[in-house]
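Please keep the sequence and the structure in view while reading.

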Amino acid sequence: MREPAPRRPRVLLVDDNRALVENLAEILEEAGYAVRSAGTCAAALAPAAEGFDVALVDLKLPDGDGTELAPRLKELSPNGEVVLLTGFATLESAVAAVRAGACAYLVKPCATQELLVTVEQAMRQVRLHGEKQALAHKAQMAEKLAAVGTMTAGLSHEIRNPLNAALLQLTVLERRVQRLPGDLQGPLLEPLVLVKDEIRRLDHILEDFLQFARPREFVPRPVDLCQVVSRVLDLLAGEAERRHIRLERELPDEPGSTPVAGEEERLRQVLVNLTLNAMEATPDGGRVRVRCAAEPPDPSLGERGPRAVVAIDDTGPGVPAAVRDRIFEPFFTTKARGSGLGLSIVHAIVAQHGGTISAETAEGGGARFLLRLPRLEEAPYSSSPPSGRGT
């Protein structure tokens, strides 16, 4: 199973000159853009709401003015850029384009090279917007991480010590109850077991905080990623059977094809977390498929060398598009129970290994978590984790 092809940049053409639209669309599609078109202001609103990167908008349309439409398009797709088309280049038209929020304007008919250069300049602005948002997101996550560290330092002993004491006393009480006649043990042991489980859950949450706030030194060594995947799947086979889930694997036949520089224990933690999450999201009778492979670099992601890829697909409800950008944030969770740090720790470990992780839609509508790590030749050998950790 191959991962989806990278999304092509989207261009929206708004012009009532059908011949011109067909001509521009052909040029842009040959250059690698995905083009949609509309002939009026009203017809442009629906495709704009679905999102665009660059909109080419005629200054004069049958039902309105391009300078009035441009701000409405920007409201519908805030990260997009607008280029106005005009048949007459005047100072007034340039001023009108700026006031409408357009990043440029083209004079019709425009030469192919001028069209492509202008659209590419607009795409640069789109990419800059994305980079600014990513930086703001990282700053926000850094603030949360600082809060985690401060809170953990003050609360770890205050919480763990009484938890350990309570668990010890419950264990003593459980042994005493087990000495009673059998008919008396059941009603007493049931609440004891429940409380012990809750204390262990709280201890696991505290361990998440400690691990996230105080990461260990990173000492990378050569690791065969697919071999780690195979071991994790062997480990979780019994859990999958208990949940009545088919746990499928798609691994290369030849060993050593996915060498990365990393720590096997931490990579195992990532894979266990992601696979268990997939199982929890999958109903009885469903399927979780884990694929590991070596793949060439994807230039659209800025990759320079070959990579090792792990894709974990499930047949659950999937990850809603509205939360995909937030699921790796500290404390964000869609579960009723938990610390909201599991996927943040996964993200931090993957970033520490110089890789990326993303949530997508699998074939069939379930969730796909896609882990990409540089092959050994390209992997970083940093001796300390990145300062942002979860970013």
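**Helix H7 against helix H8**

In this predicted model, the contact between two helices is made on the H7 side by Leu225, Val228, Val229, Arg231, Val232, Leu233, Leu235, Leu236, Glu239 and Ala240, which meet Glu264, Leu267, Arg268, Leu271, Val272, Thr275, Leu276 and Met279 in H8. Sorted by class, the contact of H7 with H8 has 13 nonpolar, one polar and four charged residues.

- The axes of H7 (residues 225-242) and H8 come within 9 Å of each other, and they cross at roughly 40°, which makes H7 oblique to H8.
- The crossing of H7 and H8 is right-handed.

**The mixed sheet and its helices**

- Five strands, in the order E9-E11-E12-E14-E13, form an open sheet whose pairing is mixed; its edge strands are E9 (246-250) and E13 (356-361), each of which pairs on one side only.
- Neighbouring strands of this sheet are turned by 15° against each other on average, when direction is ignored.
- Helix H8 (residues 264-281) packs on this sheet, where it touches E9, E11 (287-295), E12 (307-314), E13 and E14, and the direction of H8 makes about 25° with that of E12.
- Strands E13 and E14 (residues 367-374) pair in the antiparallel sense over six bridges, and within this part of the sheet Thr361 stands opposite Ala367 in E14.
- Helix H9 (residues 342-352) lies across E13 and E14, and runs at about 130° to E13.

**The aromatic pair**

- How many aromatic pairs does a search of the whole structure find? The search finds one, formed by Phe328 and Phe369 in an edge-to-face arrangement, with 6.3 Å centre to centre and 90° between the planes.
- This pair links distant parts of the chain, since Phe328 is in the loop between E12 and H9 whereas Phe369 is in strand E14, 41 residues apart.

**The parallel sheet and its helices**

- A further open sheet of five strands has the order E2-E1-E3-E6-E7, with parallel pairing; strands E2 (34-38) and E7 (104-107) stand at its edges with a single partner strand each, so one side of each is left without a neighbour in the sheet.
- From one strand to the next, the twist of this sheet averages 20°.
- Strand E1 (residues 10-14) pairs with E2 in the parallel sense over five bridges, and Arg10 stands opposite Ala34 in E2.
- Helix H1 (residues 18-30) lies across E1, E2, E3 (54-58) and E6 (81-86), running at about 170° to E1, while H2 lies across E1 and E2, running at about 175° to E1.

**Helix H2 against helix H3**

- Helix H2 (residues 41-49) and helix H3 (residues 66-76) have axes that come within 9 Å and cross at roughly 20°, which makes H2 roughly parallel to H3.
- The crossing of H2 and H3 is right-handed, and the contact is made by Cys41, Ala44, Leu45, Ala48 and Ala49 of H2 together with Leu69, Arg72, Leu73 and Leu76 of H3.
- By class, the contact of H2 with H3 has eight nonpolar, no polar and one charged residues.

Conventions:
Residues numbered from 1 in each chain as written. Predicted model: local features only at pLDDT ≥ 70, side-chain atom pairs only at ≥ 80, totals over all residues. Heavy atoms only, no water. Pairing = 2+ DSSP bridges. Helix = DSSP H or I, 4+ residues; strand = E, 2+ residues; numbered from the N terminus. Axes fitted to C-alpha atoms, helices over the stretch in contact; angles between N-to-C directions. Contact = heavy atoms within 4.5 Å. Parallel < 35°, antiparallel > 145°, perpendicular 65-115°, else oblique. Left-handed = near helix turned anticlockwise from the far one by under 90°. Nonpolar A, V, L, I, M, F, W, Y, C, P; charged D, E, K, R; others polar. Phe/Tyr/Trp six-rings, centres within 6.5 Å; stacked < 30°, edge-to-face > 60°.
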